[in-house]
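Take the model below one element at a time. The walk goes from strands to helices and then to the cores.

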Amino acid sequence: MSRSILVFFGSYRRDRQGIRLADYIVRQLIARGDAAELIDAKAVDLPMLDRMFKEYAPGEAPPAMTELAAKIRAADAFIFVTGEYNWGVQPGLKNLTDHFLEEWFWRPAAIASYSAGRLMGVRGNLAWHPTLSEMGMVVISSALAVGPIGQALDENGATTGDVGAALDASFPRFADDLMWWADAAKAQRARQAPPY
C-alpha cells in the first residue's frame, strides 16, 4: 500500500549536513514503495510567523502557504528531521510548522534527529515530541538518531562506515512503526470522522 509521507527539514545553515539525512529518508521511503516528498523550510521560505494559515481569509494566504497546507492535509504521515540547537528545536523548522494547526490533526509523526557529535541530536528530538503532540499528531515511539552525521552519510547521501551501517540497520524498524500508525490512522479516519 503506497502512502503519502512528507519529510520536513528545517536548517537554514549554509553548510547543511542534515539535508543528507532528509534526502536519505525520502529515498528509503520511495524504495519501500511509498510516495515521499521533502519539504525544506529554507526552500519554502515562509516569513517569521505573523499569521497562521487559518487566520487568512480564503484565497488570501501566500501561495507557498496554501500549497503546503494542501500537501499536509493530503499526507498520511510526517517525518520531522531535526538538528539540535542549544538543547532545543531548529527555529526554521519550528517556524514552518507553526504556520499550520488543524492541517496536522489525526496523523502520525516521527522524529529523526542528527548532530555533528555523538549525542545525535536527541535533545532536539525530545523537545519536538511534546510540540508535535500538542499540534494534534500522534508521535510514534521509534526514533531515528544519527551522529556524527558527517560520518554517516557522504556528500552524495550514501551511508558510510559504522555510523552509516547503524543508520541502515535502524531505518526499517523506524519506517515500519510509522507506516503501521499511518495505516491505522487512515483506516480510522475512513471509518469514523474525527471528533473535532
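**Strands, helices and cores**

Ile79 has Ala110 as its bridge partner in S4. Strands such as this one, and helices, are DSSP runs numbered from the N terminus (helices H or I, at least four residues; strands E, at least two). This is a predicted model, in which local features need pLDDT of at least 70, side-chain atom pairs count only at pLDDT 80 or more, and totals for chains, interfaces and linings use all residues. Residues are numbered from 1 along each chain as its sequence is written, and side-chain values use heavy atoms, with hydrogens and water left out.

Stay with S4, residues 108–114. Seven of its seven residues are buried, where buried means under 20% relative accessible area, exposed over 50% and partly exposed in between (1.4 Å probe, protein chains only). Pro108, Ala110, Ala112 and Tyr114 point one way from S4. Ala109, Ile111 and Ser113 point the other way. In a regular strand the side chains alternate between the two faces of the sheet.

S4 pairs with S5, and the two run parallel over six bridges. Two strands count as paired if DSSP finds at least two bridges between them. Tyr114 stands opposite Val146 in S5. From S4 the chain crosses through helix H5 (residues 122–134) to S5, in a right-handed β-α-β crossover. Right-handed means that, with the strands pointing away from the viewer, the path from the first strand over the helix to the second runs clockwise.

S4 also pairs with S3, again in the parallel sense, over five bridges. Thr82 stands opposite Ser113 in S4. S3, H4 and S4 make a right-handed β-α-β unit.

Now turn to S3 itself. Six of its six residues are buried, so S3 is largely enclosed by the rest of the structure. Ala77, Ile79 and Val81 point one way, and Phe78, Phe80 and Thr82 the other. S3 pairs with S1 too, in the parallel sense, over five bridges. There Ile5 has Ala77 of S3 as its bridge partner.

Next comes helix H3, residues 63–74. Its twelve residues should span 16 Å at 1.5 Å a residue, and its end C-alpha atoms are 17 Å apart, which agrees. The expected span is 1.5 Å times one less than the number of residues. Which residues of H3 are buried? They are Met65, Leu68, Ala69 and Ile72. Seen down the axis of H3, these buried residues fall within an arc of 105 degrees, so they line one face of the helix. The arc is that of the directions from the helix axis to the C-beta atoms. An α-helix has 3.6 residues a turn, so residues three or four places apart point the same way. The face turned away from the buried side of H3 carries the exposed residues Pro63 and Ala74. What covers the buried residues of H3 includes S1, S2, H2, S3 and H4. Covering rests on contact, meaning heavy atoms within 4.5 Å.

The cores come next. A nonpolar core is a set of buried Ala, Val, Leu, Ile, Met, Phe, Trp, Tyr and Cys residues joined through side-chain atoms within 4.5 Å. The largest one has 31 residues, and those with the most contacts inside it are Val7, Leu21, Ile25, Leu29, Ile79 and Val81. S1, H1, S3, S4, S5, H6 and H7 each supply at least two residues of this core. H7 gives the most, with eight residues. Apart from this core lies another, of 25 residues, among them Ala69, Phe100, Trp104 and Leu132.

Ile25 shows how the elements meet. Leaving aside neighbours within four places in sequence, Ile25 is in contact with Val7, Ile79, Val81, Ala112, Leu144 and Phe171.

Two residues remain. Gln151 is found in helix H6 (residues 149–152). At 49% relative accessibility, Gln151 counts as partly exposed. Gln151 touches Thr160, Val163 and Gly164, not counting residues up to four places away in sequence. The C-alpha atoms of Gln151 and Val163 are separated by 6.1 Å, though the two residues are twelve apart along the chain. Ala169 is found in helix H7. At 62% relative accessibility, Ala169 counts as exposed. Ala169 and Ile30 are 139 residues apart in sequence and 17 Å apart in space, C-alpha to C-alpha.
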